[in-house]
Amino acid sequence: MSMTLRRLTRAATAGLVAAAALTAAAHSAEAADTLGSAAAGQGRYFGTAVAANHLGEADYTATLDREFSSVTPENEMKWDATEPSRGTFTFGSADRIVDHAQSQGMDVRGHTLVWHSQLPSWVGSLGASDLRTAMNAHINGLMGHYKGEIHSWDVVNEAFQDGGSGARRSSPFQDKLGNGFIEEAFRTARAADPAAKLCYNDYNTDGVNAKSNAVYDMVEDFKSRGVPIDCVGFQSHFNSNSPVPSDYRQNLQRFADLGVDVQITELDIEGSGSAQAADYTKVVEACLAVSRCTGMTVWGVTDKYSWRSGGTPLLFDGNYQEKPAHDAVLSALGGSGDPGDPGDPGDGTLSCTATYTRTADWSSGYNGQVTITAGDEPISSWTTTVTLPAQQSVSSLWNGTPTRSGNVMTVRPSWNGTLAAGASTSFGFTVAKNGSDAAPAVGTCTAS
Ligand code: XIL
């Protein structure tokens, strides 16, 4: 399909989409038992980053569609994905996300137009004048294709350095075009889609510090000179090295006081249990306390696909079960999780997880152990798989019943199928290495 035709098609469906969004909002206002509907009750959106390649997974899409009112393509609108060679635009993956969001009445955040990362190498090799032309053409290409369909665009992402200097980060744009590239990008963006809110987005700017001061000064300067900017995005990737700042609300408020909206754009907080839940509560409360904080986006649906999956930083676990952090966010948004909702404790959804450890090791073999933990419902049986590297073979297995097919063992309980909610059991096995010391792969746990 030619780009012009695609653009017409996208614009023609926009009216229908707006109607669907209104229906969704009206419907959800009554229930307020999902993140999106509870946030709507507070006049905010609640979004998530989405990856096009997971949309075919039923549980992923069901959770996305049920809980969220806005989506941000996690990678699909970045420069390397959309203009891999100069002047050739590829929108397939991003279109899939936008089409899906529209079919569900969700809004779309555009991420991101001008960024030093995930940039195809051809951009870095251009001279200044060519680079300026290419930057503006990229903004026009993206924003033109999605004209009228994006509620906010991250026009420029991460243009400031970390640390105390408040300086601009080195990038092809900064190095060849100077400080003025940001302003130019915003002016081009305003003309390309006047309906979209134009945001500057960054990380480590969540509290008051030298970096956020530098962004603050830029926004103040833009407002005083009439450079078009509507919003500032705070990525909010938190962990023990970078905790939720105590002056988070105050920092959001000072930006809002400059006359821009603020948005939490990529929220994730590494951790688990009640400590993680308490940190999520702080973030939601900070946004709700600032009237110009128009919405929050978490950086993914499920821990298993998080860019920081090892830190389990999201609201749904790898089995799409709601974590304590989810319930804390929902309640901070004024919603209520009724038992009976999919994913809630008491809803009858049985689940389990399987985790592997090597418990003994010698030159010709090792012992492995798989711990099975029930989700938030009691279960009476479980099944998982253990796939061994080709050379290896299992000589014995205890506290489980294996069925073998080639290198794959399917393991069911022996005496230990019944588990209370959250309770664990484990099975063990001895493996002959036969020259391979690699670890086996443990599959998804299924409960009944
Ligand atoms: C990350 C994605 O989550 C990863 O899948 C990708 O490999 C790298 O980028 N700041 C941003 C996001 O603005 O675009 C980044 O997303 C995370 C940090």
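**A helix pair up close**

Tutor: α12 passes α13 in a right-handed crossing. Right-handed here means that the near helix is turned clockwise from the far one by less than a right angle. The model is predicted: local features need pLDDT of at least 70, side-chain atom pairs count only at pLDDT 80 or more, and totals for chains, interfaces and linings use all residues. Numbering starts from 1 along each chain as its sequence is written, and side-chain values use heavy atoms, leaving out hydrogens and water.

Two packed helices are described by the angle between their axes and the distance between the axes. For helix α12 (residues 273-288) and helix α13 (residues 324-332), the angle is about 25° and the axes lie 8 Å apart. Axes are lines fitted to C-alpha atoms over the stretch in contact, and angles run from 0 to 180 degrees between N-to-C directions. The helices are DSSP runs (H or I, at least four residues), numbered from the N terminus. α12 and α13 are therefore roughly parallel to each other (angles under 35 degrees count as such).

Now the contact (heavy atoms within 4.5 Å). From α12 come G273, Q276, A277, Y280, T281, V284 and L288. They meet P324, A325, A328, V329 and A332 of α13. By class, this contact has 9 nonpolar, 3 polar and no charged residues. Nonpolar covers Ala, Val, Leu, Ile, Met, Phe, Trp, Tyr, Cys and Pro; charged covers Asp, Glu, Lys and Arg; the others, Gly among them, are polar.

On confidence, the protein's mean pLDDT (the predictor's confidence in each residue, from 0 to 100) is 92, and 91% of its residues reach 70 or more. Over residues 1-9 the pLDDT is below 50, and this stretch has 10 contacts beyond near neighbours in sequence.

Key. Helix = DSSP H or I, 4+ residues; strand = E, 2+ residues; numbered from the N terminus. Parallel < 35°, antiparallel > 145°, perpendicular 65-115°, else oblique.
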